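Me: I'd like to learn how to read a few features of a model. Can you walk me through them one at a time?

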Amino acid sequence: MAEAGPGPGPGPGWLEQLKSCFAWSGTSPWTLWLFALLCLAGVLRLPLRISDNLSTAPCRLELSQTAGISLLADFVIKELCFQRLHQVSMFLNTLTPKFYVALTGTSSLISGLILIFEWWYFRKYGTSFIEQVSVSHLRPLLGGVDNNSPNNSNTSNGDSDSNRQSVSECKVWRNPLNLFRGAEYNRYTWVTGREPLTYYDMNLSAQDHQTFFTCDTDHLRPADAIMQKAWRERNPQARISAAHEALELNECATAYILLAEEEATTIVEAEKLFKQALKAGEGCYRRSQQLQHHGAQYEAQHRRDTNVLVYIKRRLAMCARKLGRTREAVKMMRDLMKEFPLLSMFNIHENLLEALLELQAYADVQAVLAKYDDISLPKSATICYTAALLKARAVSDKFSPEAASRRGLSTAEMNAVEAIHRAVEFNPHVPKYLLEMKSLILPPEHILKRGDSEAIAYAFFHLQHWKRVEGALNLLHCTWEGTFRMIPYPLEKGHLFYPYPICTETADRELLPSFHEVSVYPKKELPFFILFTAGLCSFTAMLALLTHQFPELMGVFAKAFLSTLFAPLNFVMEKVESILPSSLWHQLTRI
């Protein structure tokens with residue numbers, strides 16, 4: 001992570017380095033092992049008579065110094081070391097299996113209680129109690145800095161934003177950048193033999209077509225009556241045949257739409273059919289516009305003709321974008337948004353944002369975001385990640401994690417990191433696709449906001465724009481995982497948005513093909529101390545049970561283990577005695 005605190009200023013002296021070492025050791029598990037060994041020595045001080053030995057040692061040293069006999073001092077020190085080791089071995093040999101049962105049973109009980117408390121604390125607060133105490137209380141005393149303290153103002157804003165959200169959690173939206181079935185989805189099937197669309201996704205599209213392209217008065221017109229039945233057909237060939245049949249009766253705009261979407265095998269063919277659909281659709285729109293106030297049926301027909309016209313113009317703009325005529329596509333989208341400003345269901349602004357990014361017109365992109373990135377409007381991955389891309393663009397070319405950790409983040413870098421955190425909180429699945437940690441597939445025709453389907457749809461079209469901005473993906477790689485530290489329980493409480501919906505995984509599995517591994521919300525890993533206490537509890541409980549059932553065998557194992565444990569110490573002592581001269585022992589006695 002590049003979330004660095006303020007820069008340290010001048011080079012730290014030896015005192016500051018010592019403090020940093022102590023601050024690191026305060027949160028290191030090895031410190032706990034050292035503390036446990038010290039506690040064990042304190043418990044065994046009476047059986048081993050360590051205090052007596054330590055008290056008698058200075059007396060013997062003083063005797064040797066006053067006598068001035070170096071050989072006697074050497075002999076006394078060696079004898080003292082061998083005597084202590086002999087006492088330790090004698091004490092361990094006198095231990096009975098009941099002692100080992102009591103020791104392991106007590107250790108298992110204590111570690112089990114710690115495990116239960118740690119698990120309860122983690123489930124309630126999302127962090128380890130031992131880690132929190134170490135970071136919050138020990139590190140500040142030893143000179144450490146806590147970088148994980150939450151921002152109270154952001155939290156309060158997140159709470160208020162959560163209360164304002166009233167949209168349905170798992171509402172499925174039409175993908176504004178959905179591909180063409182005949183020219184793109186079917187070509188993928190021909191090449192790979194895989195179906196990129198699920199039955200559930202295509203069924204939702206059929207329902208959308210019936211909603212947008214039909215009305216109650218279709219039975220009065222033979223061509224529209226045929227198309228009304230065609231949109232309900234499950235067989236693609238039956239739908240195409242019905243569209244040709246409708247065109248034989250009349251110039252039907254919806255029939256051209258169906259052929260452009262499903263029969264055309266190239267984008268050029270699809271564009272030609274959409275242009276024919278536009279000619280027929282404009283005529284129907286002008287006629288229904290004049291009659292829309294004559295009754296409810298005429299108003300419904302005008303609404304249907306409006307939807308048809310907007311759909312045709314939007315798809316024509318998408319054809320121009322796919323064929324490389326990006327400026328023409330931008331003009332068509334802007335004109336369409338001006339002509340029909342209330343039809344926000346098609347999310348044409350997301351098509352416009354993608355086309356403007358292709359032109360690298362970042363000022364125009366910022367203007368569109370200023371209009372649609374509003375708190376009263378539903379968010380999307382395109383809105384959040386495009387805003388993050390623009391802020392990252394200002395600092396990404398010179399960003400360095402090492403430099404940021406030394407001097408801290410500047411204001412512009414902090415704004416970029418916060419924008420990335422905001423985008424990741426809205427949809428946490430996008431970064432893995434942008435960083436190419438997960439393979440992309442063709443996006444579905446429908447997406448679930450904040451889900452894996454939306455992440456695929458966004459990354460499929462916007463990955464090239466992130467690659468074009470130098471250093472943007474590096475900044476994303478260094479900062480995106482920091483979002484999960486701010487929201488330990490995203491399913492219960494959000495930070496800047498409402499809590500993450502729990503139903504996204506189920507809906508995404510229905511929207512995405514079976515050969516794709518659906519991405520789920522990154523689960524928070526268990527803290528180290530919960531895993532450590534769980535292992536310690538299980539290990540000591542197993543030792544207590546085995547010692548109780550097989551006391552003699554476990555006693556042999558315990559003695560063998562302890563003798564093996566002290567073998568390196570005996571070996572080192574023998575080597576030291578053989579290497580060091582006897583005069584050195586005399587010098588040590590004089591210290």
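Me: What should I know before I start?

Reply: This is a predicted model, where local features need pLDDT of at least 70 and side-chain atom pairs count only at pLDDT 80 or more, while totals for chains, interfaces and linings use all residues. Numbering runs from 1 along each chain as its sequence is written, and side-chain values use heavy atoms, with hydrogens and water left out.

Me: How many helices and strands does the chain have?

Reply: Helices (H or I, at least four residues) and strands (E, at least two) are DSSP runs, numbered from the N terminus. Here the chain has 29 helices and two strands.

Me: How do I describe two packed helices?

Reply: You give the angle between their axes and the distance between the axes. Axes are lines fitted to C-alpha atoms, for helices over the stretch in contact, with angles from 0 to 180 degrees between N-to-C directions. Take H15 (residues 296-322) and H17 (residues 348-358): their axes come within 11 Å and cross at roughly 15°. That makes H15 roughly parallel to H17 (angles under 35 degrees count as such). Contact (heavy atoms within 4.5 Å) is made by residues including Val-310 and Arg-314 of H15 and Ile-348 and Glu-354 of H17. The residues of this contact divide into four nonpolar, one polar and four charged; Ala, Val, Leu, Ile, Met, Phe, Trp, Tyr, Cys and Pro count as nonpolar, Asp, Glu, Lys and Arg as charged, and the others, Gly among them, as polar.

Me: Is H13 largely enclosed or open?

Reply: Buried means under 20% relative accessible area, exposed over 50%, partly exposed in between (1.4 Å probe, protein chains only). Ten of the eleven residues of H13 (residues 253-263) are buried, so H13 is largely enclosed by the rest of the structure. Its cover includes H9, H10, H11, H12, H14 and H15.

Me: And what about nonpolar cores?

Reply: In soluble globular proteins, nonpolar side chains tend to be buried together. A nonpolar core is a set of buried Ala, Val, Leu, Ile, Met, Phe, Trp, Tyr and Cys residues joined through side-chain atoms within 4.5 Å. The largest one has 102 residues, and Ile-257 and Trp-466 are among those with the most contacts inside it.

Me: Which residue has a positive phi of about 75°?

Reply: Arg-450, although it is not a glycine. Arg-450 sits in the loop between E2 and H23, and counts as buried at 1% relative accessibility. Glu-436 also has a positive phi, of about 60°, but Glu-436 is exposed, with a relative accessible area of 52%.

Note on methods:
Angles under 35 degrees count as roughly parallel, over 145 as roughly antiparallel, 65 to 115 as roughly perpendicular and the rest as oblique.
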